[in-house]
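Hello,

Here is the model I promised to pass on to you. Please have a look at it first, and then read my notes below.

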Amino acid sequence: MGISEINWLAVLVASLAFFGLGLVWYGPFFGKPWQRAISIDGGMALRQSHSLGLLIAGFIMSVIIAVGMAIFLYAPNGDQQLGAAYGALIGLMVGVLFILPSTVMNYIFARRPLALILIDGFYHIAASTLTGAILGAWH
């Protein structure tokens, strides 16, 4: 599969979904427990979360993840229709088998609290599952 065969609209939508889920996940869903786990107060978190540089960097990482997921999904399947369920399964597997163990390994050596491991780890599982579903549906 060449880079020209990637569905760039699907990658953009998946990137926005990955990033948007993060805004909700680390805001209304788990914002306060996440702030406690990283030992910052609400005012500091609000100032940091609205830093344009951080938001741009986060979105760029979301794009890189979506492009990588598109390559994983599309390369071995050619023109075969995949569907949202298949894409979600691949995304779930990427989250559980690659991202979560890497996150846990880094966090246990950094002596991060279990709450942070769970919040961050499950965010990436949910976001990669969502990304895979979008890319699978639009293949």
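**What I found**

Ser-39 counts as exposed, because its relative accessibility is 64% (exposed means over 50% relative accessible area, buried under 20%, and partly exposed in between, with a 1.4 Å probe and protein chains only). Before going on, please note that this is a predicted model, in which local features need pLDDT of at least 70 and side-chain atom pairs count only at pLDDT 80 or more, while totals for chains, interfaces and linings use all residues. Residues are numbered from 1 along each chain as its sequence is written, and side-chain values use heavy atoms, with hydrogens and water left out.

Back to Ser-39: this residue is found in the loop between α2 and α3 (42-49) (helices are DSSP runs of H or I with at least four residues, and strands are runs of E with at least two, numbered from the N terminus). Ser-39 has a positive phi of about 60 degrees, although it is not a glycine. Most residues other than glycine have a negative phi. Arg-111 also has a positive phi of about 60 degrees without being a glycine; it lies in the loop between α5 and α6 and is exposed, at 74% relative accessibility.

Now to helix α1. It runs over residues 8-29 and spans 29 Å from first C-alpha to last, close to the 32 Å expected at 1.5 Å a residue (the expected span is 1.5 Å times one less than the number of residues). Asn-7 caps its N-terminal end, with a side-chain oxygen 3.2 Å from the backbone nitrogen of Leu-9 (a polar contact is a pair of N or O atoms within 3.5 Å; within protein, one must be able to donate a hydrogen and the other to accept it, and residues adjacent in sequence count only if both atoms are side-chain atoms). Among the buried residues of α1 are Val-11, Phe-18 and Trp-25, and their cover includes α2 (31-37), α4 (52-74) and α6 (114-137).

What about the core? The largest nonpolar core has 16 residues, and Val-11, Met-69, Ala-70, Leu-73, Tyr-74 and Leu-135 touch the most other members (such a core is a set of buried Ala, Val, Leu, Ile, Met, Phe, Trp, Tyr and Cys residues joined through side-chain atoms within 4.5 Å). The largest share of this core, 6 residues, comes from α4.

Finally, Thr-131 sits in helix α6 and is buried, at 0% relative accessibility. Leaving out residues up to four places away in sequence, Thr-131 touches Ala-14, Phe-18, Ala-66 and Met-69 (contact means heavy atoms within 4.5 Å).

Best wishes
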